[in-house]
Amino acid sequence: MIPTDPQDRDILAAEYVLGTLDARAAAELDAALPGDAALRAAIREWEARLAPLMVLAAPEAPPPDLWDRIERALPGAPRPAPAPKRRGWLDLWRGWAIGASAVAAGLAVVLVTRPAPEPPRLMTVLLTQRDQPAWVVEADPSGRLHLASVTPRRLEEGRAMQLWSLAPGETAPTSLGLIPPEGRLTVNTGGVRPEPGMLIEISLEPPGGSPTGRPTGPIIFIGRLTAAGSS
Amino acid sequence: MRAESPAATLLAEVARGDRRALRALYQQQATRLFGIAHAILRDREAAADAVQDAFLRISQRAAQFDPARGEAGAWLGAVARYAALDLARKRGRELPTDDPALGDTPVAPEALERVAASAEGRRLRDCLSALDEKNRKGILLAFVHGLSHAQVAARLDLPLGTVKAWIRRGLLQLRECLT
């Protein structure tokens, strides 16, 4: 039942936007929405109030074939006849400057076309808050991590950037050291073996790095290692 | 370059049935939207399904976007969140709350600083900071990771009834504060 009391209705709208309604309650509300303009308006207001929280989800490159899947699922899509592979990759290359997903896919091409059958390489692209690729992180088979900046960036005086890894299951990140001004770094991760799903983060710290062994400043870049060439 | 057109412009073109505009929108937004869905589902396969569903919804409902009522980025993010939440509900939200992929990132104190990137974000950050800590964490975990009341309760080690009441009170407090 959709309540009639204004406060209860507003709470219902808020919980719908927050996501805490269970399947039945959410379906009931979805069904009521077309005939309830006031409830639609309440939902829009809550969406606007909470929208800034969406930046808390770390951007992540989708599987390279996802657009093709979407295109095939669109109504009126041409039946099976899969697009020639080559054009797909070419388009991904064209999109290079646009989306980090394209960047990741493009690099995956370079890596997977190397001759030797090596174990899958792990990599990630760290994005700026505006979703622009900023850093490429790659793990080599010996377990070292290579970090390279995509675009040169200047740092304010008196601040340093520190690299961290957080393996799945761990609660505290491990420092991988400070990033030198030229923006390239190769680190031996020591006891921590790079693995799929590992988070790579860069935080802003005082000169010399975090005094506590955990990030003290804001996390300004974040990404998750995934196997290059796989989804 | 199409993909550099503002998202609102692309959405208007999608509403007119322009498939290329939808593709440009995908190129521009997929990484962000996939991140939003992945934070909720914590499974790349499921997140890809949610983003696919989101783009089908976007292609059908683009005409419902009204630039006078809000930002295109927020509208797209909301579509992706609802698609991911619907999928999480279908899967019974049987995701364990000790899921290793569920870090403390969104509830870490420094995370709120990232919310404060815009003027609206700053107000929201200030209002969230005024909430009781567990209350704030409950709201953030539900929004970012799509946790149900029961999962928030397990994660914060609080009784279910308490969590429900607290989240409601927190939402009302937020509304007051943001008015």
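Before selecting anything, keep in mind that pLDDT is the predictor's confidence in each residue, on a scale from 0 to 100, and that two residues are in contact if their C-beta atoms, placed from the backbone, lie within 7 Å. This is a predicted model, in which local features need pLDDT of at least 70 and side-chain atom pairs count only at pLDDT 80 or more, while totals for chains, interfaces and linings use all residues. Residues are numbered from 1 along each chain as its sequence is written, and chains are lettered from A in the order in which they are written.

Start with chain A, coloured by confidence: its mean pLDDT is 77, and 75% of its residues reach 70 or more. Next select residues 80-100 of chain A, where pLDDT stays under 50 and the model has 28 contacts beyond four places in sequence. Where pLDDT is low, the predicted coordinates should not be read in detail.

Now show both chains and select their contact, which takes 52 residues from chain A and 56 residues from chain B. By class, the side of chain A that touches chain B has 34 nonpolar (Ala, Val, Leu, Ile, Met, Phe, Trp, Tyr, Cys and Pro), seven charged (Asp, Glu, Lys and Arg) and 11 polar residues (the others, Gly among them).

Finally, move to chain B and select B:D157, which has a positive phi of about 60° although it is not a glycine. B:D157 counts as exposed (12 or fewer other C-beta atoms within 10 Å of its own, C-beta atoms being placed from the backbone), because it has 7 such neighbours.

Definitions and conventions:
A residue is buried if 20 or more other C-beta atoms lie within 10 Å of its own, exposed if 12 or fewer, and partly exposed in between; C-beta atoms are placed from the backbone.
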